[in-house]
Amino acid sequence: MAMDLGKARVLVTGGSGFLGAQVVDELRARGAQYIAVPRSRDVDLTDQRATRQLFERERPDLVLHLAAKVGGIGANQKLPGTFFRDNMAMGLNVLEEARRAASAKLVVAGTICAYPKFAPVPFREDDLWNGYPEETNAPYGIAKKALLVMAQAYRQEFGSNFVMLFPVNLYGPRDNFDLETSHVIPAMIRKFDAALSASATHVTLWGDGSPTREFLYVDDAARGLVDAAVAYDDPEPVNLGAGFEISMLDLAKLIAAKVGFRGDLVWDTARPNGQPRRMLDVTRAAERFGFRAQIGFEEGLARTIAWYREHRQEILAREDRP
Ligand SMILES: NC(=O)c1ccc[n+]([C@@H]2O[C@H](COP(=O)([O-])OP(=O)(O)OC[C@H]3O[C@@H](n4cnc5c(N)ncnc54)[C@H](OP(=O)(O)O)[C@@H]3O)[C@@H](O)[C@H]2O)c1
């Protein structure tokens, strides 16, 4: 049955993050009146008691579980144990409390990192279990994938209305531009922008340029999550993507051109490539709840670069603070 957002008490974990802030905007635009957004400094979702208190206080009808430890290849390599532990712990606690609040519907954000390293392209949901994920992001991807098992098992045993979506790599305004932890698009924008300002002759990028990726603009991802919250009630996982594939080399050339950097690209092959290819089959989301990405890639990149340039000073100043 379609969820009436105007009447629902909505809880968005991670609702102040990159995707979460956009999801909250989308919920408001679609009539949600009551939206709770807990911050990690107030409610640590890895803590079972704190999570229980949050649910008892908020009594949500709808929960979007977006809180997670997230990062690019570098962060995943540096903190594999933390990524596994925190994402498992948050998931265990949130799913259990949503189950206890028997009428709550739960939408969980998974990740494309859950897919096997060599899944046939485009990745179909039915291939999620046909192999081990790419090693650098396996702890993160497996922690997320375990939540799919838990969601389906809870549905079977307790009748919980838990659904799980698997978004591809996201990008857009408000993304994380910290080079230590960022994903590839903000990292490239920042590097090319800095090189342009410094009149540098070249920019060094990770890997050999051969891997392919797919990217979904954050507004589209938020719309897909809310579409599912309103209208999708089935146990099968659903991909959220834009349905295209671009190599790192072509991505770098495109972003360099949009930023205005004309120097050389140098590939640091001592750094990992990550998964060889990534592109989702996006048929199921279209069939089950009518979701299709709307923002074209070049348009999305232009908006993201413009946002970075508008906020560059404050981003750099924040990093300089001790
Ligand atoms: N970004 C992508 O490319 C991408 C792709 C596929 C899937 N996803 C999924 O989308 C979701 C959102 O990702 P994002 O990129 O928006 O990440 P993000 O900006 O880092 O936001 C994550 C949020 O999680 C919260 N959080 C982290 N640890 C917490 C804890 N112990 N207790 C409570 N809250 C905690 C943070 O809250 P505070 O701000 O209060 O600290 C933050 O707002 C994640 O589930 C991620 O796996 C992201």
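Q: What makes the residues around L64 its contacts?
A: Contact means heavy atoms within 4.5 Å. Not counting residues up to four places away in sequence, L64 touches V10, L11, V12, T13, V23, L27, V107, L225 and A229. Bear in mind that this is a predicted model, where local features need pLDDT of at least 70 and side-chain atom pairs count only at pLDDT 80 or more, while totals for chains, interfaces and linings use all residues. Residues are numbered from 1 along each chain as its sequence is written, and side-chain values use heavy atoms, with hydrogens and water left out.

Q: Why is F55 called buried?
A: Buried means under 20% relative accessible area, exposed over 50%, and partly exposed in between (1.4 Å probe, protein chains only). F55 has a relative accessible area of 5%, so F55 counts as buried. Leaving aside neighbours within four places in sequence, F55 is in contact with L11, P60, V63, V94, E97 and A98.

Q: What makes a set of residues a nonpolar core?
A: The members must be buried Ala, Val, Leu, Ile, Met, Phe, Trp, Tyr or Cys residues, joined through side-chain atoms within 4.5 Å. In the largest such core there are 66 residues, and V12, L19, V23, L27, L64, L225 and F289 touch the most other members. Helix α7 (residues 218-231) gives the largest share of this core, eight residues. Helices here are DSSP runs of H or I with at least four residues, strands are runs of E with at least two, and both are numbered from the N terminus. Another core, of 27 residues, lies apart and includes I185 and F297.

Q: How do you know that β1 and β2 pair?
A: Two strands pair if DSSP finds at least two bridges between them. β1 (residues 9-13) and β2 have three bridges, in the parallel sense, and L11 stands opposite A36 in β2.

Q: Why are β2 and β10 called edge strands?
A: The open sheet has six strands, in the order β2-β1-β3-β4-β5-β10. β2 (34-36) and β10 (238-240) each have a single partner strand, so one side of each is left without a neighbour in the sheet.
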